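Hi,

Here's the structure I said I'd pass along. Have a look at it first, then read on for what turned up.

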Amino acid sequence: MIIEVNQLSELDHAAELLLKSFPDDRVFLFYGHMGAGKTTFIKALCKALQVQDNTSSPTFSIVNEYSAPQGTIFHFDFYRIKEEEEAYDFGYEDYFYSGNYCFIEWPNKIPNLLPDDAKTIKIEITSPTSRKIIIK
């Protein structure tokens with residue numbers, strides 16, 4: 001599935017489309033260059049899931065938790081991880097296999113720890129205001 005987003009205002013629709021297209025999936029892996037819009041798209045997904053909490057990148061905390069009507073949502077940013085073993089220290093398995101939504105930025109830092117059934121989302125910059133969102 002490919003979603004073309006030509007302006008920021010289209011992200012809410014893209015988030016709703018993704019969630020409707022994959023209603024049973026809970027773990028989503030976000031790939032893209034720095035500044036591609038991974039965190040911004042995750043904010044739109046959280047909005048579509050009716051999160052009332054302030055959503056932000058968990059760059060320093062590694063994981064943020066948000067409350068939603070369907071349960072807790074976990075947002076990860078592994079950019080600062082140096083080795084996969086660091087993910088063991090905070091019990092990544094408890095999150096990834098909890099049945100809750102997990103939105104994971106920089107999953108390439110922990111390739112051997114990712115669930116096999118996770119959906120891959122690649123965000124490509126096509127212009128300063130446009131993105132191509134590829135879901136596999």
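Of the 136 residues in this predicted model, 46% count as buried. The protein exposes about 7,400 Å², and carbon and sulfur atoms supply 47% of that area.

On the fold: you'll find 4 helices and 7 strands, and going along the sequence they come in the pattern β-α-β-α-β-β-α-α-β-β-β. The radius of gyration is 14 Å, close to the 14 Å the globule rule gives for 136 residues, so the protein is as compact as a globular protein of that length. The C-alpha trace spans about 40 × 30 × 25 Å along its principal axes. As for contacts with a separation of 6 or more, 58% of them come from residues 24 or more positions apart.

Charges next: there are 13 positive and 20 negative side chains, and the centres of the two sets lie 8 Å apart.

Now the aromatics. A search of the whole structure gives 16 aromatic pairs. Take F74 and Y95: their ring centres are 4.7 Å apart and their planes sit at 75°, so this pair is edge-to-face. F74 is in strand β4 (residues 71-77) and Y95 in helix α4 (residues 92-96), so the pair ties together parts that are 21 residues apart in sequence. Both F74 and Y95 are buried.

Y88 and Y92 are edge-to-face too, because their planes are at 85°, with ring centres 5.4 Å apart. Y88 is partly exposed at 46% relative accessible area, whereas Y92 counts as buried at 5%.

These four residues belong to one aromatic cluster, which also takes in F76, F78, F90 and F96.

Cheers

Definitions and conventions: Residues are numbered from 1 along each chain as its sequence is written. This is a predicted model: local features need pLDDT of at least 70, side-chain atom pairs count only at pLDDT 80 or more; totals for chains, interfaces and linings use all residues. Side-chain values use heavy atoms; hydrogens and water are left out. Helices (H or I, at least four residues) and strands (E, at least two) are DSSP runs, numbered from the N terminus. The radius of gyration is taken over C-alpha atoms; the globule rule is 2.2 Å times the number of residues to the power 0.38. Buried means under 20% relative accessible area, exposed over 50%, partly exposed in between (1.4 Å probe, protein chains only). Contact means heavy atoms within 4.5 Å. Accessible areas come from the Shrake-Rupley method with a 1.4 Å probe; for residues, only the protein chains shown count as cover. Lys and Arg count as positive and Asp and Glu as negative; His and the chain ends are not counted. The place of a charge is taken as NZ of Lys, CZ of Arg, CG of Asp or CD of Glu. Rings of Phe, Tyr and Trp (its six-membered ring) pair if their centres lie within 6.5 Å; planes under 30 degrees apart count as stacked, over 60 as edge-to-face and the rest as tilted.
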